[in-house]
Every structure is written in structure tokens, then in C-alpha cells.
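Biologist: Could you walk me through this one? I'd like to know what stands behind each label you use.

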Amino acid sequence: MTNNRTEVLFLSLFIFIMKKLSCIIILLFLFLSNSWASEHKNVLLLLGSANPDVLTRRVDVAAQLYRIRKIDAVIVSGGCGAHGSKICEASSMALQLAGKGVPSSLIFKEENSKTTVQNYIFSRRLKNEAGQRIIQGGDTVYVVSDHWHAIAVAARLEKYDGVTAKFFI
């Protein structure tokens, strides 16, 4: 009978330890995979233009989209002096969006691109203050631009980055 009692006690202790150990393993996995920071986001990607009137129209569309959708981050993508322009597209868009009520803390500037392909390449690599990529697999990215511009970038994002991309023109 003592032997049976010892086995039951040992088995109970073993089950207790395994439950605790499995909880620790799950917590460790969650911590290491950084799953809290990898929730899917809604990202608005606003592509620039050397034409100030076109740029303003795109900013208006982006501001409207921000008002009707939950947007977690806004990337404004466009370099300085592209196509002979005298404006810095990303900076101009960021100022206009902030003036329309988009919090500056949500706006990330990509200021190096001069072409549509560069808009895509540089925007997808952009990181936040914590060093995490702003656009991550599983996110929904709303691309705002002219149809040919928006479609090309949205298609690349879906194909190569594992996001759901929607375009607004």
C-alpha cells in the first residue's frame, strides 16, 4: 500500500511540475517570438508626386481614409527633388496630414525614393523607433496614389511581403 501511495504522490508531483513547465515554455515562446508586437496592423502608404496639386489630392484621399478606418501607422513616401521638383514630397505630405488631424506620432517619412519601385523598396524596409519594420506580414496596407502607381506598389507588397494590399486613387 505504501508503494501505491508513493506512486500516486510521485505522479501528482510529476503532473504539477509538467503543468508549471508547460506554462513556462508557452510564456517563453511568446516572449521570444515577440507575438505581442506582431499583431496585424492597418498601414496607410501614401505615395508622393512631384506635382504639388497631385500631392495635395493624394493627401486629401489619405486623410479621408484615416478618418474612416483604424490606421495604426502612416508611411509617406517620396524623395526631395524627384523629377526636377523643388519639394520634399514626404515632408510636405507629413505636414499636410498633420494639418488634417493625423497624429504626427503615426507618420513615418521615407524621403529617398524617386521612382515607383523605390517607393516600394524603401517603404517596406522602414522601421519604427523600436527597430521593427512598420510593414509586416499579415498587415493590411492601404496604398494611396494614382491608379498605375498604387496598383504596382500594392501588387508588389502582396506578392513579396505577405500583406493584404488595397489601393485608393
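Modeller: Helices (H or I, at least four residues) and strands (E, at least two) are DSSP runs, numbered from the N terminus. The model is predicted, so local features need pLDDT of at least 70 and side-chain atom pairs pLDDT 80 or more, while totals for chains, interfaces and linings use all residues. Residues count from 1 along each chain as its sequence is written, and side-chain values use heavy atoms, leaving out hydrogens and water.

Biologist: Which residues of helix α4 are buried?

Modeller: In α4, residues 116-125, they are Thr-116, Asn-119, Tyr-120, Ser-123 and Arg-124.

Biologist: What puts them on the same side of α4?

Modeller: They cover an arc of only 105° around the axis, so they sit on the same side of α4. That arc is taken from the directions from the helix axis to the C-beta atoms.

Biologist: Why is the link of Cys-80 and Cys-88 called a disulfide?

Modeller: The rule asks for a pair of cysteine sulfur atoms within 2.5 Å. Those of Cys-80 and Cys-88 are 2.1 Å apart, so the pair forms a disulfide. By this rule the count comes to one.

Methods:
Buried means under 20% relative accessible area, exposed over 50%, partly exposed in between (1.4 Å probe, protein chains only).
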